[in-house]
Structures are given as structure tokens and as C-alpha cells.
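The sequence and the structure come first.

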Amino acid sequence: MTLGTQDKDAIIKRLRRIEGQVKGIQKMVEEGKYCSDILIQIAAVRSAMNSVGGIILENHMKDCLKKYLDGAAGDQILDELITTMVKYTKQN
């Protein structure tokens, strides 16, 4: 599965914003900022990553299901999709 140009550009933009947030967290730690403030920023990064992951997962699901319904792929693609969804949604 590959992302369309528009989706790819939006995801890259979001990931760059997340990268900036992570650098901000690093700076907060270096400066000895209050732990509660750092944890709030970490939660914001997690939420942003979940949002990006959701967009990518949605694109992947659509691609897999389209291939399956068009007859371009067999049951193997559904198994791959399920495996991917389980790995993505697994909590650490």
C-alpha cells in the first residue's frame, strides 16, 4: 500500500509537527520543567501519533479491501490486514 500524494503530504506535515513537539519535550526535560507539564506534552504527542496512525491504517484498510473485493487479492490480504490491525492496536 502506498499513500496518495495529498495524504502523504498531510502525514509528513503532521509528523514534522510531532517532531517539533518531541524536541520541545526534550528541551523541557533539559531545563528541568515541572513533570506535570512534560507529561501533558507527552500525552499530546501520543494523541498526534494515534491520529497519524489512524489515517495510515484507514488508507491501508481501504486498499486491502478494495483489492479483495475487486478479486485482485485472495484471503491472504485479509489475513495481513487483520495482523496489521492487531499489531497497531496492541497496547504496550
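## A helix and its surroundings

Leaving aside residues up to four places away in sequence, Tyr68 touches Ala73, Gly74, Asp75, Ile77 and Leu78. The model is a predicted one. Tyr68 lies in helix α2, which covers residues 35–69. Between the C-alpha atoms of Tyr68 and Glu31 there are 52 Å in space, and the two are 37 residues apart in sequence.

Helix α2 consists of 35 residues. From its first C-alpha to its last, α2 reaches 50 Å, close to the 51 Å expected at 1.5 Å a residue. After α2 comes Gly71, which has a positive phi, near 80 degrees.

| Residue | Helix | Relative accessible area |
|---|---|---|
| Tyr68 | α2 | 32% |
| Met49 | α2 | 40% |

Tyr68 counts as partly exposed because its relative accessibility is 32%, and buried means under 20% while exposed means over 50%. Met49, at 40%, is partly exposed too.

Met49 also belongs to a nonpolar patch on the surface, which it forms with Ile12 and Leu15. Together these residues have about 220 Å² of accessible area.

Which residues of α2 are buried? They are Ile38, Val45, Val52, Gly53, Leu57, Asn59, His60 and Cys64.

Definitions and conventions. Residues are numbered from 1 along each chain as its sequence is written. This is a predicted model: local features need pLDDT of at least 70, side-chain atom pairs count only at pLDDT 80 or more; totals for chains, interfaces and linings use all residues. Side-chain values use heavy atoms; hydrogens and water are left out. Helices (H or I, at least four residues) and strands (E, at least two) are DSSP runs, numbered from the N terminus. Buried means under 20% relative accessible area, exposed over 50%, partly exposed in between (1.4 Å probe, protein chains only). Contact means heavy atoms within 4.5 Å. Patches are made of residues with over 30% relative accessible area and no salt bridge: like charges are joined within 9 Å, nonpolar side chains (Val, Leu, Ile, Met, Phe, Trp, Tyr) within 5 Å. Accessible areas come from the Shrake-Rupley method with a 1.4 Å probe; for residues, only the protein chains shown count as cover. A salt bridge is a side-chain nitrogen of Lys or Arg within 4 Å of a carboxyl oxygen of Asp or Glu. The expected span of a helix is 1.5 Å times one less than its number of residues.
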